[in-house]
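Have the sequence and the 3D view open as you read.

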Amino acid sequence: MDDLDAKILGVLMVDGRITWSELAIRCGVSSPAIAERVRRLEKRRIVQGYRVVVDPAQLGYDITAFVAVVLEHPQYRQGFLAYVQATAAIQECHHVAGDGDYLLKVRCHKMADLERILSEELKGLPGILQTKTSIALSTVKETTALKV
C-alpha cells in the first residue's frame, strides 16, 4: 500500500458515496486510475464493503449493551458462535483476552428485549458459564474510520 492508497482509503472511510471523478480530483489522479486503485483495494479485501451508517436511536434502538461472555469449555464455542451469527441484535462479537472469552455489542429497542436475549437465549445456550453486562448511558464516539 502506498501513499495514494492511503489517501483513497482516508477519503472513502469518511464518504463511501463519493463519485470516482470527485475522488480522483481529491487524490490528484484520473478517474480510471482511481477506479482501478479502488478495485485493487477491494480485491485485496482492504476495502470490504460500503455501508450506510444510521442513527440507532432514530430507528428505536435505545439500548446499547456490552456483554462479556465466559464459556465453560471450548467445546461450546461453535454453538455459541452460531447463535451470535444468527442474532441480529448482536452487532459485534470479539474474542478477547482478559475477563471473559467474548465481548458482545448488543442493540435493543427496550430493556425487555435485552432481558430476553440475556436470560432466555444467551444463558440458555449450552456451556455459557457466566455473563457480565454493561449498559451504555450514551455514546461519545463511534466510528469505523481508521488512521491510514
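## A residue to start with

Is Val 52 buried or exposed? Keep in mind that this is a predicted model. To find Val 52, look in the loop between H3 and E1. The cut-off for calling a residue exposed is over 50% relative accessible area. Val 52 has a relative accessible area of 70%, so it counts as exposed.

Val 52 and Arg 17 are 35 residues apart in sequence, and their C-alpha atoms are 9.3 Å apart in space.

Next up is helix H3, which covers residues 31–43. With 13 residues at 1.5 Å a residue, H3 should span 18 Å, and this agrees with its end C-alpha atoms, which are 18 Å apart. Its buried residues are Ile 34, Ala 35, Arg 37, Val 38 and Leu 41. They sit on the same side of H3, because they cover an arc of only 165 degrees around the axis. What covers the buried residues of H3? Part of the answer is helix H1 (3–14) and helix H2 (20–27). After H3 comes Arg 45, with a positive phi near 65 degrees.

H2 can be read in a similar way. Leu 23, Ala 24 and Cys 27 are its buried residues. Their arc around the axis is only 100 degrees, which puts them on the same side of H2. The cover over these buried residues includes H1 and H3. Just after H2 you'll spot Gly 28, with a positive phi of about 75 degrees.

## The sheet

Now for the strands. Strands of a sheet pair through backbone hydrogen bonds, either parallel or antiparallel. Here there's an open sheet of four strands in the order E2-E3-E1-E4, and the pairing is antiparallel. Which strands are at the edges? Strand E2 (90–95) and E4 are, each pairing on one side only. From one strand to the next, the twist averages 20 degrees.

You can trace the pairing strand by strand. E2 and E3 are joined by five bridges, and His 95 stands opposite Tyr 102 in E3. E1 is joined to E3 by seven bridges, with Ile 63 partnered by Cys 108 in E3. Another seven bridges join E1 to E4, where the partner of Phe 66 is Ser 134. How much of E1 is buried? Eight of its nine residues are, so E1 is largely enclosed by the rest of the structure.

Asp 99 is exposed, with a relative accessible area of 72%. Asp 99 and Ala 24 are 75 residues apart in sequence and 46 Å apart in space, C-alpha to C-alpha.

## Nonpolar cores

Time to look inside. The largest nonpolar core has 20 residues, of which Val 69, Phe 80, Leu 104, Val 106 and Leu 122 touch the most other members. Strand E1 (63–71), helix H4 (77–86), strand E3 (102–108) and helix H5 (111–122) each supply at least two of its residues. Which one gives the most? That's E1, with five residues.

Leaving aside neighbours within four places in sequence, its contacts include Val 69, Leu 71, Cys 93 and Tyr 102. Leu 104, Leu 122, Leu 125 and Ile 128 are also among the contacts of Phe 80.

Finish with H5, where Asp 113, Leu 114, Ile 117, Leu 118 and Leu 122 are buried. Seen down the axis, these residues fall within an arc of 130 degrees, so they line one face of the helix. Glu 115 and Glu 120 are exposed on the other side of H5. What do the buried residues of H5 pack against? They pack against E1, H4, E3 and strand E4 (128–135).

Notes: Residues are numbered from 1 along each chain as its sequence is written. This is a predicted model: local features need pLDDT of at least 70, side-chain atom pairs count only at pLDDT 80 or more; totals for chains, interfaces and linings use all residues. Side-chain values use heavy atoms; hydrogens and water are left out. The expected span of a helix is 1.5 Å times one less than its number of residues. Buried means under 20% relative accessible area, exposed over 50%, partly exposed in between (1.4 Å probe, protein chains only). The arc is that of the directions from the helix axis to the C-beta atoms. Contact means heavy atoms within 4.5 Å. A nonpolar core is a set of buried Ala, Val, Leu, Ile, Met, Phe, Trp, Tyr and Cys residues joined through side-chain atoms within 4.5 Å. Two strands pair if DSSP finds at least two bridges between them. Axes are lines fitted to C-alpha atoms, for helices over the stretch in contact, and angles run from 0 to 180 degrees between N-to-C directions.
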